[in-house]
Every structure is written in C-alpha cells, then in structure tokens.
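The numbered points proceed from the overall architecture to individual residues.

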Amino acid sequence: MPPINILLKRILVSLLIGLLLGLVINEFTFYFLKETARPPQEIVLTIPAGTAEQVARGEQPPAIPENMVFVVGDTLIVQNEDTVDHKLGPLWIPAITSASLSLDQEESLAFECSFQPGKYFGLDVREALTISTRLFGILYSGLPMAVLIALYSLAMPVKKKVNAPA
C-alpha cells in the first residue's frame, strides 16, 4: 500500500485534471451558445418600407432574418415601417406602428407571418446561459472525470526509489 501522502497527491492531481478537462470541454460547447449568454432584453425587429412588395415578388427582405433566437424574458418589438399592415403570429402590426411580444418560456415557435415569402417566421426561445449554468456544466462533467482518473491513478503501481550504490 502506498503512503497516504502519495495517494492524496494523486487524488488532488486527478481532481485538477478532471476539472480542467471539464472546463475545456464545456467552454468549447458554450462557445457555440454565445448568442444566449446574455441577460433578457428588448429586441427590435424592423419591417422596412417596401417589404410587402418584395414578399409579393417572392423575395426575402434582406433586413429581416428568417429565424431568430431569444432568451427567456426577452421582449420582441416589431416596428412596421411599411405602408402595409403586417401580422406575426398573435401580433397585428398596422402600418407605421409597432407591437411587442413577451417571450416568457423556453420553446420553439413557428408563427404565421406576412413579411416572409414562406409565410412563417421561426422563433427559438432558450434559457439564458449564465455563470451558474457554466459552473454546473463544468462540475457535472469534471467531477466524474476526476473520479475516474483518480481510480485509474490509484490502480497504477508506485515507483520505488532505488538507492545508488555507495
């Protein structure tokens, strides 16, 4: 049986390696979720003048995305600068006015829409990526990895020091 200080050292090193691997793996993943790494806010979607004519010709208005991603708690404000009334799901937006939609729960929506050639507009509402979410992700992956590394390190034999001949 190896001395207790060697076992503790192996366990601590394993814990650090596991948490470091958890950090690297999760931060790589979180990089792709950066659009939701923000607090809730008001997001304005502007329907520019001439949109109705572009949609009638089957063209995608360049200033309007086909889908949008939000975080829970965001408010979508749709400003209609067109001379034609428009509709987005439950919102009726008369010409030269605006309307708002509160996004209070996580969901994926496909609303009927009058300012898209396909007549649908996709909204993805996701949980905000917070510091606590990131820490939980690191701990949930890093700690099990650390335990596995520690178990493997405890199964490895301890090198014994060999005294040199005098």
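**Notes on the predicted model**

1. Read from the N terminus, the elements of the protein follow the order α-β-α-β-β-β-β-β-β-β-α. This amounts to three helices and eight strands.

2. The overall dimensions deserve attention. The radius of gyration of the protein is 27 Å, whereas a compact globule of 166 residues would have one near 15 Å. The C-alpha trace spans about 100 × 30 × 20 Å along its principal axes. Of the 166 residues, 32% count as buried. Among contacts between residues at least 6 apart in sequence, 66% join residues that are at least 24 apart.

3. As background, strands of a sheet pair through backbone hydrogen bonds, in either a parallel or an antiparallel manner.

4. Within that sheet, the pairing of β7 with β8 (residues 120-126) is antiparallel and extends over six bridges. Here E112 stands opposite Y120 of β8. The loop between β7 and β8 contains K119. Although K119 is not a glycine, its phi is positive, at about 70 degrees. With a relative accessible area of 40%, K119 is partly exposed.

5. Which residues touch the most other members of the largest nonpolar core? Of its 21 residues, these are F70, L76, L88, F115, F121 and L123. At least two residues of this core are supplied by each of β1 (42-47), β2, β3, β5 (91-93), β6 (97-102) and β8. For F70, neighbours within four places in sequence being left aside, the contacts are T36, R38, I43, L76, L103, L123, D124, V125 and R126. Two of these contacts of F70, L76 and L123, are also named among the core residues that touch the most other members.

6. Is N80 buried or exposed? N80 has a relative accessibility of 2% and therefore counts as buried, the cut-off being under 20%. N80 belongs to strand β3 (residues 75-80). A polar atom of the N80 side chain lies 2.9 Å from the backbone oxygen of I93. Residues up to four places away in sequence not being counted, N80 touches I47, D85, H86, I93, P94, A95, I96 and T97.

7. I96 is placed in the loop between β5 and β6. Its phi is positive, at about 60 degrees, although I96 is not a glycine. Most residues other than glycine have a negative phi. In contrast to the buried N80, I96 counts as exposed, because its relative accessibility is 62% and the threshold is over 50%.

8. Two places may be inspected together when the backbone is reviewed. Positive phi values occur at I96 and at K119. The former lies in the loop between β5 and β6, and the latter in the loop between β7 and β8.

How values were computed. Residues numbered from 1 in each chain as written. Predicted model: local features only at pLDDT ≥ 70, side-chain atom pairs only at ≥ 80, totals over all residues. Heavy atoms only, no water. Helix = DSSP H or I, 4+ residues; strand = E, 2+ residues; numbered from the N terminus. Buried < 20%, exposed > 50% of the residue type's maximum accessible area, 1.4 Å probe, protein only. Polar contact = N/O pair within 3.5 Å; in protein donor to acceptor, adjacent residues only side chain to side chain. Contact = heavy atoms within 4.5 Å. Pairing = 2+ DSSP bridges. Core = buried A, V, L, I, M, F, W, Y, C linked by side-chain atoms within 4.5 Å. Rg over C-alpha atoms; globule rule 2.2 N^0.38 Å.
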